[in-house]
Structures are given as structure tokens and as C-alpha cells.
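Dear colleague,

Here is the structure I said I would pass on. My notes on what was found in it follow below.

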Amino acid sequence: MRLGMVLGDQLSDSLPTLSALDPATDIILMAEVHQEASYVPHHPQKIALIFSAMRHFALSLKEQGWRVIYHSLDKHESPSLLASVQAVCQQETIHDVVVTRCGEYRLHQHMLSWPQLLGLPVCILEDSRFLCSPAEFEQWAQGKASVRMEFFYREMRRRTGLLMEGDQPVGGQWNFDADNRLKYKGQVPLPPPYQLNRDSIDADVVALVADRFASNPGSLDSFHWATTRAGARERLDFFIQHCLPNFGDYQDALVAGEPTLFHSLISPYLNCGLLEPMEVCLAAETAWYQKLAPLNAVEGFIRQIIGWREFVRGIYWLKMPDYADSNFFDHQQPLPGFFWDGETRMRCLSESINSALDHAYSHHIQRLMVIGNFATLAGLAPKLVEEWFLAIYADAYEWVELPNVAGMGLFADGGYLASKPYIASGNYINKMSDYCKQCHYQVKTADQSDSCPLNSLYWDFVARHRERLAGNHRMAMVYRNLDRQDPDKQRRIFARARLLIESLDDV
Ligand code: FAD
Ligand code: DLZ
């Protein structure tokens, strides 16, 4: 008989492993294992989501007639996925093992050694739940010194037919991003609160995680993730009805006390398999055809999924393992303690990091223009920032986290993914949010002892990295502005930046 291993982020009925096997003769193995639960200090909500979703998925496979062996951490403690497979192979007559290509390089490499370690053939199937395979991406990227999402995205629009009229984009434009930059000032009501029903599987898992991962960073109190396919689909439907119409306009907005705004909160479900990219995009496209949401919202949303999501995955598999060592600016600063406890007087960071600690979620602009921006300007070591992002978000798996953090957030890859660093002074945060008016620091100055740290760090960063960045034509204006600064003021700005960098824990 054949043994199919289903991982915690492979919870899809369409998984190639399931299509390759026969419920009448073959076995499925799923295992909660110490190694996967602890290779970074995952947020307890992330572990609870994955374990509970795994248990629900195992149940649904059994209902469909599969024989499922399930190793739960409380009843059958297993150190690793391999150890779980070995345990089953000792009890059953297994002729070969079938897996779908996993999401992370470290595990993929390990699985390549499984045939030798198990003494059995191991068949690794391509993951058909993505719209572009690593081989197809490699072919597209071939010969390009750097890659740009926009051109990849157009290919994906043509390939999927989403929002297309023949070979042209509907509305005559591929990208409506320029329309999607409004500050939110209550122009439209926020979505209503979203309620989730919990069952005894969720309760058991939450108790287990509270007990076993008590010292991991982040709170379990507001565990708010759906753990079934039906729950994830309900969340998608809620988004389409209540959030999508305003998703585009306020996509980049930041509002104190409102960590989710009009965002979908579906990335954890897409990434663990409870939702599939095409069904999500079709739901959004249908809303446009039915005139329930405007084109700037629907195009913007679909672009995130068939564009950014597939694009970063392509980069990950193309560039690993070297990508994980990227450090273009040679940044070495340790992570300030407030990344783990949220205690900082910078309102923008406090809002974004506390959202992550409380909910295992922050939205894109919080991740990019607040946390990533600060990490870049303050010179934090990419490896430490990457580990934090991988640990803290419910949607974080290295294939999607690493290119977003190293490539988009930190420009650590020197511009392979992004054409310039995503950096900004407090002015940008003030333009897009209501954070600054409630902040301890003054956003209008850069050289005073109470000036917004982003302002001082911004100018210090661009000056410090002139050699690396001045040749980038998209940075030309920034360097012109730097060179126009009053020299005395500039000295004070740099002095303040140095003080800040020496005491990052205290900002
Ligand atoms: P929405 O804003 O509603 O967007 C819809 C969907 O588009 C998301 O659910 C997601 O699947 C997809 N999407 C949007 N942007 C991206 C992107 N840049 N890359 C991949 N998919 C995208 N996303 C993750 O899924 N896991 C991560 O670990 C992760 N780490 C990030 C780290 C940094 C520094 C940055 C800048 C971005 C990161 N992202 C990550 C991308 C993005 O921030 C999240 O996908 C998004 O915030 C998830 O919330 P949402 O479902 O409400 O998204
Ligand atoms: C993230 C995660 C966690 C926390 N625990 C498990 C687990 O116990 N068993 C499992 O099969 N998968 C888990 N996962 C997801 C894996 O880490 C993921 O499959 C790999 O990182 C590859 O993407």
C-alpha cells in the first residue's frame, strides 16, 4: 500500500497527494510534530490555527472514506515528520510514500533525502494549487537581471483570463493602483464585526497550545481564525460582501485601533489550503460583473493574489537557498525588545506590532511601510527580521514571508524584486494614517530630541547608503533633497539618528 503525507499547509481536497492515491487501498498520514511547531517560535494563534485545521481536515478525509493516521501532539508526540512516517512504516506494509512539494526549502531539501533514510521510494508531486509552477516562473525570469511584478502580473491575467476582454484588460488598464491610496477618515462605515462559531476541536487545540507553547510570543486570547474549509469560505463571502467594495480605496490606509479595515484576512486560509487562489479571484471578479464592487477594488485584490502572491513564490524557489542570506546593506543591528512585547512610544510601530502580537495579523501597509520601513532605516539584521515575520504572522511560511521581507520590506536583495527601497519618513505615515497625532513624537521635525524617529533615521539611512543607492534613478530626487539640507540641521539630524540607533530599545 502507499502512504500519503499531508502537511499542515496542504489542507485542500484538490491536493495532488490525494488525487494520486486510492482511498480503498492507501493510507494518509498527518502529524502534529515538535520540529515544525518549533523551528521558529510561532505565534500561538498560528499553531492553533494549523493544528485545529489539520484535525478538522483529517476528519473530513475520514468522512470521505480515507483511512487516516493522525499523530496529535498530546497523544502521539513525534519529534519530526520523518519520524512519523518511520513509525507508520514499522506498523504497515508501505511500498512507497507520496507527498506534494512542500512550501519551504529547508523541508523540501530534507524530503529529498527521505528515500535514503526510509529505504523507500518517495514521490514528490508538483503543487497544483498555485497558478504558476517554479519551472514556469524560472522560464519567465530567465535572462532578467531583476524582475518586476507588473509584467509577470499581465502574463497571469492573460493566462487566467481574469478581468480580460479578449487579450485586453477590462476597463482599458492593467493596474488601478494609483486610485487606491486614500486616507480613511470615516467616509464610509467600517465593515460590521465578524462572528465565528467554535467547536470542541478548536477548544481542545487552544488548550493544548496554551499549555505547550505558553512562552511563545503573542496572545491566544482573541483566537479568531476559522479552522475549516466552510469557515474560511464564509470569511471570503463576508469580505466580498462587506469589504471588497472599499478594499481598493483604503488599501493603503492606516487607522489607530482598526487593524483590519477593509482587508480580507484570508491569507492564512490560502496559505494552508482551506481556500484556493482561483476560487477567491473568481468570487471577486463575479462581484465586479454583478456591479457589487468597483474595478479599482477588484483589480487591486486580484493583483495581490495572481500577481504578488505567485510572483514572490516564483522568486523564492528561483533564488533559494542564497536568497535567505541576502543582506545588501550589510545591516547587523539586533531586534529591539519591543518587537516581542509591543512596548514602544512610536504609535505607528505600537499599532502594527501589537496587532501582530494580539491577532497574528497586521495588514500589508503596516508590515511594509511601518515595520519593514523601520527595520530598514534602523539597520536591523535581515535574518532576525525575517525570523520575526516568520514566527509572528498566522499566514507566514517561508516561501511567501522571505521574498516579502528580504525583497520588498528590506531591499536586502539589492533590488532583484523591487526597483527601490520601500522607505519613508514620518510624513508618509502622517499622510496615510491618524497615528501621528496620537504619537509621543513630533512628525514635523527631524533634528529635535522629540522628533519622529523615522524622520531622523530616514535621512541618516539615505546618506549612509549613498554609494549603494545614488545610481538608482528612482532615488535621484531623494539625494537632491538631501543635498539641499542646511548643513547644521543635517548634522543635528545625523546626531539624533546615531543616538536612536544606539538605543533602539527605548524608542
Ligand atoms: P489583503 O490585503 O486582503 O490581500 C488579499 C490577498 O492577497 C492576501 O490574503 C494574500 O494572499 C495576497 N497578497 C497580498 N499581498 C501579497 C504579497 N505581497 N505577497 C503575497 N501575497 C500577497 N503574506 C503572507 O501570506 N505571508 C507572509 O508571511 C507575509 N509576509 C509579509 C511580510 C512583509 C514585510 C510584507 C510587506 C508583506 C507580507 N505578506 C505576507 C503580504 C501581505 O502583507 C499579506 O498577504 C496580507 O497582509 C495578508 O492579509 P489579508 O489576507 O487581509 O490581505
Ligand atoms: C507551520 C506548521 C506547524 C506549526 N506545525 C506543523 C505540524 O505539526 N505538522 C505539519 O505537517 N505541518 C506543520 N506546519 C506547517 C509546516 O511547517 C509546513 O508544511 C512546512 O513549513 C512547509 O511549508
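An automatic or database domain assignment divides the protein chain into domain 1 (2–125), domain 2 (134–206 + 227–319) and domain 3 (338–506). This is a predicted model, in which local features need pLDDT of at least 70 and side-chain atom pairs count only at pLDDT 80 or more, while totals for chains, interfaces and linings use all residues. Residues are numbered from 1 along each chain as its sequence is written, chains are lettered from A and ligands numbered from 1 in the order in which they are written, and side-chain values use heavy atoms, leaving out hydrogens and water.

The centres of domain 1 and domain 2, taken over C-alpha atoms, are 28 Å apart. In contact (heavy atoms within 4.5 Å) are 20 residues of domain 1 and 18 residues of domain 2.

Ligand 1 lies between domain 2 and domain 3, because both give residues to the shell around it. That shell holds 27 residues, and the closest are His263, Ser264, Leu265, Asn271 and Tyr361; a residue counts if one of its heavy atoms lies within 4 Å of the ligand.

- Ser264: a side-chain N or O atom is 2.6 Å from an oxygen atom of ligand 1.
- Leu265: a backbone N or O atom is 2.7 Å from an oxygen atom of ligand 1.
- Asn404: a polar side-chain atom is 2.8 Å from a nitrogen atom of ligand 1.

Regards

Conventions. Polar contact = N/O pair within 3.5 Å; in protein donor to acceptor, adjacent residues only side chain to side chain.
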